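Keep it short and group the points by topic.

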Amino acid sequence: MDYYNLSALDRKYVWHPFTQMKEWAEGDPIVIGEGSGCFIKDVRGRWYLDGVSSLWVNIFGHRKKEIDDAVKKQIDRIAHSTLLGLASEPSVLLAARLIRLLGESLPDDTMPPLTRVFYSDNGSTAVEAALKMAFQYWLHKGVTGKNAFLSLNMAYHGDTIGAVSAGGIEIFHGTFKPLLFKTFRSPAPYCYRCELGLDRGICAMACIDEMERILEEHHKEIAAVIIEPKMQAAGGMIAAPDGFLRGVRRLCTKYGVTLIADEVATGFGRTGRMFACASEGVVPDIICLSKGLTGGYLPLAVTVATEEIYNAFLGEYGQMKQFFHGHSYTGNPIGCAAALAVVDLFDKEDILTRLRPKIERLDKWLRQILRHDHVGNTRSAGFMAGVELVKNKETREAYPIEDKTGWKVALDVRKKGVFLRPLGDCIVIMPPLTISEENLTAMLTRIEESICSVTEKSSV
Ligand SMILES: Cc1ncc(COP(=O)(O)O)c(C=O)c1O
């Protein structure tokens, strides 16, 4: 079907996520027809560099032969069988492979390893399962009253109601407040705009002290602390200072609260380590993984728990201690086959070693762009970065929301063949891990040009 018919049908029938559909309907949507490597191609034949890995999932780009082959091979055997009452070959093999990978990546003699894999479909359901698992775990331990959670301001854990309850982004989550369960909120480690009004040079990480104050007072009510290790991504690419994650681990252990690491965005190499927790030698009690897990091929997620948590759910049939959670597509065999290919590719292509010079290149560029008059702050964790644009660099005054400065940059750079999806005025940079250095440099140059032209225009 040609572009004009496709775009007309899209505007007539498709309701896009996080999108003002009135504006969309008046626009000229890009309709993607195919992809190859780090590029996506629209049905009118124009190629775009996929600067956000199709919402942070296509870590190896598009049409990766090994993943294509694994998916095709699995389809020739079986597309789906349930894990409710059955096991399946790919889900068994993937679970074993993930446990090995987690053990190798997050070794710690003092903390129990992660040993049990619970499958679901996406980042939100992985979080939803983790929250329910932590809550039910404490009930089984005979500890009652732990009916709340603790999360960070500016946290994003997904869009289902449990994940929204743990979320801390007013603009996304505020609307649903009357529907949400109780969640205590601790300050985000957003040093550029510190909620406590402190300067990073002298703060001694007072945000961790604030978390301790909440835990000291309320730990009997709190089942789990949930955080995005190292980088609060959707909240505006807020990179936590070194030691913050370790501090959270220490507090969870001290106050007897489960630590849930939501590595949906950071997992699978994005921060330069296989898992972000590894950078601070932290082992959580539960980890949530999705996005890069299947290399952007299929919706699949895992919630992985320690043996201690798993054991609490064991009992006689009549005790009804099983975990009350599950989805129709849980452990989908094609998704698991894709994920097995992804894990193999990390070894086969030595992805993390080859990523290092690209992280250095990105870091250098981030330092350079910071000199620009309207770049207030840059933040990164490995190969995920944000550039915060501001109206006034001295006062850190933000642009008015209706100026849509971040969007204007994205639209401008789109004309230069780069697709980006900003978070407000934070320009998100998250290309596939396998992007070539040449393409990375070309992308960064174009983003810089667009930042300059849009912000200079807005200041005249
Ligand atoms: C840290 C984190 N958790 C959970 C989610 C939700 O994932 P999904 O969109 O697959 O439901 C996201 C999505 O961006 C995320 O960044």
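Three bridges connect strand S10 to strand S11 (residues 286-289), and the two run parallel. Strands here are DSSP runs of E with at least two residues, helices are DSSP runs of H or I with at least four, and both are numbered from the N terminus. Two strands pair if DSSP finds at least two bridges between them. This is a predicted model: local features need pLDDT of at least 70, side-chain atom pairs count only at pLDDT 80 or more, and totals for chains, interfaces and linings use all residues. Residues are numbered from 1 along each chain as its sequence is written.

**Strand S10 and its partners**

- Ile260 stands opposite Ile286 in S11.
- Strand S7 (residues 222-227) is joined to S10 by four bridges, and these two run parallel.
- Ala224 is placed opposite Thr258 in S10.
- Five of the five residues of S10 (residues 258-262) are buried, so the strand is largely enclosed by the rest of the structure.
- A residue is buried if 20 or more other C-beta atoms lie within 10 Å of its own, exposed if 12 or fewer, and partly exposed in between, with C-beta atoms placed from the backbone.
- In a regular strand the side chains alternate between the two faces of the sheet.
- Both faces of S10 are covered: Thr258, Ile260 and Asp262 are buried on one side, and Leu259 and Ala261 are buried on the other.

**Overall fold**

- The protein chain has 15 helices and 16 strands.
- With 460 residues, a compact globule would have a radius of gyration near 23 Å, and the 22 Å of the protein chain agrees with this.
- That radius is taken over C-alpha atoms, and the globule rule is 2.2 Å times the number of residues to the power 0.38.
- The C-alpha trace spans about 70 × 60 × 45 Å along its principal axes.
- Of the 460 residues in the protein chain, 47% are buried.
- Among contacts with a separation of 6 or more, 71% are between residues 24 or more positions apart.
- Two residues are in contact if their C-beta atoms, placed from the backbone, lie within 7 Å.

**Domains**

- The domain assignment gives domain 1 (31-63 + 352-459) and domain 2 (73-348).
- Such bounds come from an automatic or database domain assignment.
- The C-alpha centres of domain 1 and domain 2 lie 27 Å apart.
- Contacts link 27 residues of domain 1 with 25 residues of domain 2.
- On the side of domain 1 that touches domain 2, the elements giving two or more residues are helix H3 (53-56), helix H13 (351-369), strand S13 (375-381), strand S14 (384-389) and strand S16 (426-429).
- S13 gives the most to this side, with five residues.
- By class, this side of domain 1 has 15 nonpolar, nine polar and three charged residues.
- Ala, Val, Leu, Ile, Met, Phe, Trp, Tyr, Cys and Pro count as nonpolar, Asp, Glu, Lys and Arg as charged, and the others, Gly among them, as polar.

**Ligand shell**

- The shell around the ligand has 14 residues, of which Asn122, Gly123, Ser124, Gly158 and Val264 come nearest.
- A residue is near a molecule or strand if its C-beta atom, placed from the backbone, lies within 6 Å of it.
- Helix H6 (residues 123-140) gives the most to this shell, with three residues.
- The shell residues divide into six nonpolar, six polar and two charged.

**A four-stranded sheet**

- Four strands form an open sheet in the order S1-S2-S3-S15, with mixed pairing.
- Its edge strands are S1 (32-36) and S15 (418-419), and each pairs on one side only.
- Strand S2 (residues 39-42) and strand S3 (residues 47-50) run antiparallel and are joined by three bridges.
- Phe39 has Leu49 in S3 as its bridge partner.

**Residues to inspect**

- Ser53 lies in helix H3, and its phi is near 45°, a positive value in a residue other than glycine.
- Ser53 is buried, with 26 other C-beta atoms within 10 Å.
- Arg63 lies in the loop between H3 and helix H4 (65-75).
- Arg63 is not a glycine, yet it has a positive phi of about 55°.
- Arg63 is partly exposed, with 13 other C-beta atoms within 10 Å.
- Tyr156 sits in the loop between strand S5 (148-152) and helix H7 (161-165).
- Tyr156 counts as buried, with 27 C-beta neighbours inside 10 Å.
- Leaving aside neighbours within four places in sequence, Tyr156 is in contact with Gly167, Ile169, Gln232, Ala233, Ala234 and Gly235.
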